[in-house]
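Have a look at the structure first, then read on.

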Amino acid sequence: MTNSERFEVIHVPPGYESLGRVLQAALMQAAQGKGHERHANGLPFDKQPMQTINREHGSVDGFLFQARKKSVEAKGLPFGRAQAEVLGAINYLAGMHIALDTWAAGTLPVAVPDKTPTRVDLLAP
């Protein structure tokens, strides 16, 4: 088995097996399927064009656009092709997650404390 074929075995909590299967299918599509064939160019996932192009623009909007586009397209496709598009959307969102862990953290708005009064605040004297 080569390094590119090794996978870390993860424990899927009871009740989350269906999610685990979907995430594994998305991983396999990126690593060996359509995503790998069209976009990898021999590069690791976090160095592929989806990352570099978005980084050049200093925005995660490309990930969101592609995920939304694939999701909308899936609605008009036959079952198997629709599932493949959904897996592609998941992979674009995973790419965004990776970007947020690395270069894109500063591209999102800074969290501002919510000033909306709570029920407790409204009851206070």
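This is a predicted model: local features need pLDDT of at least 70, side-chain atom pairs count only at pLDDT 80 or more; totals for chains, interfaces and linings use all residues.

Residues are numbered from 1 along each chain as its sequence is written, and side-chain values use heavy atoms, with hydrogens and water left out.

**The chain as a whole**

- The secondary structure comes to six helices and zero strands, where helices (H or I, at least four residues) and strands (E, at least two) are DSSP runs numbered from the N terminus.
- Read from the N terminus on, the elements go α-α-α-α-α-α.
- The chain has 125 residues, and 22% of them count as buried.
- Among contacts with a separation of 6 or more, 62% come from residues 24 or more positions apart; a contact means heavy atoms within 4.5 Å.

**A closer look at α5**

- Helix α5 has 23 residues and reaches 33 Å from its first C-alpha to its last, close to the 33 Å expected at 1.5 Å a residue. That expected span is 1.5 Å times one less than the number of residues.
- Its buried residues are Ala 82, Glu 85, Leu 87, Gly 88, Ala 89, Asn 91, Tyr 92, Gly 95, Met 96 and Ala 99.
- Take Asn 91, which is found in α5: this residue is buried, with a relative accessible area of 9%.
- Leaving aside residues up to four places away in sequence, Asn 91 touches Ala 26, Leu 27, Gln 29, Ala 30, Phe 45 and Met 50.

**How helices pack**

- Helix α1 (residues 17-32) and helix α5 (residues 79-101) pack at an angle of about 85 degrees, and their axes are 9 Å apart. Axes are lines fitted to C-alpha atoms, for helices over the stretch in contact, and angles run from 0 to 180 degrees between N-to-C directions.
- That makes α1 roughly perpendicular to α5. As for the wording, angles under 35 degrees count as roughly parallel, over 145 as roughly antiparallel, 65 to 115 as roughly perpendicular, and the rest as oblique.
- On the α1 side you'll find Val 22, Leu 23, Ala 25, Ala 26, Leu 27, Gln 29 and Ala 30, which meet Ala 84, Leu 87, Gly 88, Ile 90 and Asn 91 in α5.
- Sorted by class, the contact of α1 with α5 has nine nonpolar, three polar and no charged residues. Ala, Val, Leu, Ile, Met, Phe, Trp, Tyr, Cys and Pro count as nonpolar, Asp, Glu, Lys and Arg as charged, and the others, Gly among them, as polar.
- Helix α3 (residues 49-57) and α4 pack at about 130 degrees, with axes 8 Å apart. That makes α3 oblique to α4.
- Met 50, Gln 51 and Asn 54 of α3 make this contact with Asp 61, Gly 62 and Phe 63 of α4. By class, the contact of α3 with α4 has two nonpolar, three polar and one charged residues.

**Salt bridges**

- A search of the whole structure turns up three salt bridges; each is a side-chain nitrogen of Lys or Arg within 4 Å of a carboxyl oxygen of Asp or Glu.
- Lys 70 pairs with Glu 85, and their closest N and O atoms are 3.2 Å apart.
- Lys 70 is buried at 12% relative accessible area, and Glu 85 is buried at 9%.
- Glu 73 forms a salt bridge with Lys 69, with the closest N and O atoms 3.5 Å apart. Both lie in helix α4 (residues 61-74), four residues apart, about one turn of the helix.
- Glu 73 is partly exposed at 34%, and Lys 69 is partly exposed at 33%.
- Asp 46 forms a salt bridge with Lys 47, the closest N and O atoms being 4.0 Å apart.

Definitions and conventions
Buried means under 20% relative accessible area, exposed over 50%, partly exposed in between (1.4 Å probe, protein chains only).
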